[in-house]
Structure formats: structure tokens, C-alpha cells
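Good morning, and thank you for coming.

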Amino acid sequence: SGTGKEGKGWKRFQSYKGEVGLPKEVESLRIFVDRKAQTVILPMNGFAVPFHINTIKNVSKNDEGEFTYLRVNFQTPGQLAGKKEDTPFEDPDATFVRSVTYRSADGHRFDSISKQITDLKKEVNKREQQKKELAD
Amino acid sequence: MTTQFDKVYHGLSSQAGKFRVASSGMAWKGENDEDVTLVPSDQIKWAQWLRVARGFQLRVGMKGRREVFDGFERDDHDKLAALLKQHFSVTLEPQEVSVKGWNWGLTDFKGDDLAFLVSNKTSFELPLHQVANTNIAGRTEVSLEFSAPSSSKKPSKSAPDEMVEIRFFVPGQSTRARGSDA
């Protein structure tokens, strides 16, 4: 369906080729960061839902009473008001997942997950930057 | 004759159990529970097979309801498909899921579920009966808040991560017109 619609400069990426690629850890129904696949896998109603790091904008975390909340924010169109988008989109008219929030009683684990996602994002951004510099 | 599958979960249950198939129907019983979930043969309308977090899921459609059982292994497919055919004359239909890792797609209402489809394959489904609150912000953002069934229990560090909210960005006609410079 992407013909003619594909945003300029949008580069195709994919987490896994098939469900066989999903790591064993998804069985725990907990968030898992698969660094090798540059992917964060979220448990959603029993599904293991991968999100490539390129779709993720950032994560935020806060503690409320006995629980820690972790929010994953995604790249979507329409986030930079009055500014031309930096990030191109394959299909800007699609429906986008913008954020998903989880809670856990294990704050230490959410600390670690938050750090893993942020580090993976940094790593990928750095690599992209290096590629750009080499291309110039 | 009864065929048994071990370590099967009923829906999102944390408790594993035994799943049995016989000509009279299907049944699930938890390891630490006396209650039995029954799927009588004369009520079975359809069956689906799809990849979920805990292995593979058997979904059974009945009149007005459905039951899901997680935890099957990839290799259980052929055996289960043959049993369903033999006992209930039902074909076990494989449903492909998307593992592309994209956050864009289409939403689709399927009965009591909201499905998110990526390239026409299911990425995830959310049970609408568990939505406690919805919000629409700025005409293009829809949020769904989920009631936490476990909130009455004492928080446990070993519990699965609990999804409490999801937000969708839904570009409306108005944004499309405004954003279009083509």
C-alpha cells in the first residue's frame, strides 16, 4: 500500500522476520529489551509485541506509592507543532501507537529497563550520526 | 479417548494447568484449582492458532463467547488440528501475527476486542471490557486506561508487567488537510 505514499527519506526497518525470532524471555509477560534485534518487546494482553528502537522516542519513569510506572513514548507525526518533521514516516495517515504505560512493584527492574532502552536509543542514534558524517 | 496437554494457561492466568481434548469437548483445569473450564463439543464453532508471548494460543469460538488457552508448543499444532477435526469437525486456522516492530497500522474492532493490525497482520488485541476510561485529546489522540484486576491484591515483584494505559495518534481529516502540502 506504501506506493507513492512512502515518506521521503524513510528507511525501512524490521525487528524480526517471523515469530520464530522472538526471544524466549517474552514468556515472562514482562518488558524485554532485545539489544541484538534493536527492539523492545512489550507484553500486551498476552501478546509479545515488538517495537523497533527507531519507533521509540524516549521513556519516562515515576514512582507512586508501592508502584513504579514506566511510560514508553513513540515517534508519531504531529508531535512538533509548527515544525517540519525530522523523522519521516512510511504512512503518516496510519494510526500510531503513541505511548504505552506499565506499572510494576519492582522499581529496580523498571530502572534497569528504562536505562537499557535509553542506552540502546543512544547507541543507534550515534551510529546513524556516524553514517551521516561518512556520507557527507 | 482423551488427549492431554500439560502447562497450558487459561487466558492470562498465572497458573498453569492441564488441557484435555475428548469427543465430548475440551476442558482446562488449573494445577492449584478445582474449577474446570469446559468447552462442550456441541458449542464449538471455530478454532484459531496464533503466536503469543507464552508460546502458541488456541482460541475457541462458541456461540456468544470464546475461550483462549496459551502455552502450547509449536509442535502441538498438528496433533491439535487433527483432534479438532476428528472430534468436532473444526479446522484449526492459523492466524499470522506481525513481529515487524512497527508502531503504525490500522485499528479494527473484532467483537469485544480492539485489534491493531500491521501490514494486515495482528500485532496485538486489547479487551475493551477491561477499559476503565477513555479520553480524546485534541481530536487526534485517543487514550485507553485499563482497570487493574490485580490492584486489590498486594503488589508482587514477581508479577507480570501490568499495562495501565495506551495512547493512539489518529490523524483526522482536519490534520491531513492541514499537514498536506502536496
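Contact here means heavy atoms within 4.5 Å of each other. Please keep in mind throughout that this is a predicted model.

Let me begin with confidence. Chain A has a mean pLDDT of 88, and 87% of its residues reach 70 or more. Over residues 1–6 of chain A, however, the pLDDT is below 50, and this stretch has 7 contacts in the model beyond near neighbours in sequence.

I turn now to Ser104(A), which is found in strand E6 of chain A, residues 95–104. Is Ser104(A) buried or exposed? Its relative accessible area is 4%, and because buried means under 20%, Ser104(A) counts as buried.

What surrounds this residue? Leaving aside neighbours within four places in sequence, Ser104(A) is in contact with Glu66(A), Phe67(A), Thr68(A), Arg109(A) and Phe110(A), and also with Asp161(B). Phe67(A) is 37 residues away from Ser104(A) in sequence, yet their C-alpha atoms are 5.5 Å apart in space.

How many cavities of 30 Å³ or more does the structure hold? There is 1, and the largest cavity has a volume of about 50 Å³. From chain A, its lining includes Leu22(A), Phe47(A) and Ala48(A). Chain B contributes Arg51(B), Val52(B), Val97(B), Ser98(B), Val99(B) and Ser123(B). By class, the lining residues comprise 6 nonpolar, 2 polar and 1 charged.

Key. Residues numbered from 1 in each chain as written. Chains lettered and ligands numbered in written order. Predicted model: local features only at pLDDT ≥ 70, side-chain atom pairs only at ≥ 80, totals over all residues. Heavy atoms only, no water. 1 Å grid on protein atoms, 1.4 Å probe; cavity = no way out; pocket = protein on both sides within 12 Å on 5 of 7 lines; lining within 4 Å. Points joined across faces, edges and corners; volume = space filled by probe spheres on them. Nonpolar A, V, L, I, M, F, W, Y, C, P; charged D, E, K, R; others polar. Helix = DSSP H or I, 4+ residues; strand = E, 2+ residues; numbered from the N terminus. Buried < 20%, exposed > 50% of the residue type's maximum accessible area, 1.4 Å probe, protein only. pLDDT = per-residue confidence, 0-100.
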